[in-house]
Amino acid sequence: HGYKPYMGRFTQPSTIGNVENYYDGIDNDTDRFIDEGFNNGNVQIVIGDSGINKDDEWALYVDNMSMGFNDYGMVRTWDLNLFTGTHKITIVAAKIPDGLGTYSISFQNASVVSGPPMVGGNIPQGESLQWVIKVK
């Protein structure tokens, strides 16, 4: 509990001429970013593959609730409404083709209370990383 994703259908033109459909988990505008550009919630979480080979897939959990995946090597933005207070953010190395995952994560409109570095690597498939964030 503690989250409410926006599930409306919003679109944003991209710089390459295609249109991004928000909240569908697909890179509609083919720019390697998923659901980017529209921030209607009070917190945004952005996850991507920070390695040279953009091939890793990460699963996101907010307070133990599955929010989906970033898809192979893509950068995905989750636009969420989270209650004021602390929340547990977990990412799991879901599909790591070369055996060692690389990640980057950022939180907009929330402060990090604890957790590992915001960018890292050498994470084996199935391994998880966890942050505690505070929403004001």
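Here is a quick tour of some aromatic rings, a loop asparagine and a loop phenylalanine. Keep in mind that this is a predicted model.

**Aromatic rings**
- Searching the whole structure turns up three aromatic pairs.
- One of them joins Trp-58 and Tyr-103: the ring centres sit 5.7 Å apart with the planes at 70 degrees, so this pair is edge-to-face.
- Trp-58 belongs to strand 6 (residues 57-62) and Tyr-103 to strand 10 (residues 101-108), so the pair ties together parts 45 residues apart in sequence.
- Trp-58 and Tyr-103 are both buried.
- Phe-107 and Trp-131 also pair edge-to-face, at 6.3 Å centre to centre and 65 degrees between the planes.
- Phe-107 is in strand 10 while Trp-131 is in strand 13 (residues 128-135), so here the parts tied together are 24 residues apart in sequence.
- You'll find Phe-107 and Trp-131 buried too.
- Put together, ring pairs link Trp-58, Tyr-103, Phe-107 and Trp-131 into a cluster.

**Asn-70, in a loop**
- Look for Asn-70 in the loop between strand 7 (65-69) and strand 8 (75-82).
- Asn-70 has a relative accessible area of 0%, so it counts as buried.
- Its side chain reaches the backbone nitrogen of Trp-58 at 2.5 Å, and a polar atom of that side chain lies 2.8 Å from the backbone oxygen of Met-74.

**Phe-83, in another loop**
- Phe-83 sits in the loop between strand 8 and strand 9 (85-95).
- Its relative accessibility is 56%, so Phe-83 counts as exposed.
- Phe-83 and Val-43 are 40 residues apart along the chain, and their C-alpha atoms are separated by 9.7 Å.

Notes. Residues are numbered from 1 along each chain as its sequence is written. This is a predicted model: local features need pLDDT of at least 70, side-chain atom pairs count only at pLDDT 80 or more; totals for chains, interfaces and linings use all residues. Side-chain values use heavy atoms; hydrogens and water are left out. Helices (H or I, at least four residues) and strands (E, at least two) are DSSP runs, numbered from the N terminus. Buried means under 20% relative accessible area, exposed over 50%, partly exposed in between (1.4 Å probe, protein chains only). A polar contact is a pair of N or O atoms within 3.5 Å; within protein, one must be able to donate a hydrogen and the other to accept it, and residues adjacent in sequence count only if both atoms are side-chain atoms. Rings of Phe, Tyr and Trp (its six-membered ring) pair if their centres lie within 6.5 Å; planes under 30 degrees apart count as stacked, over 60 as edge-to-face and the rest as tilted.
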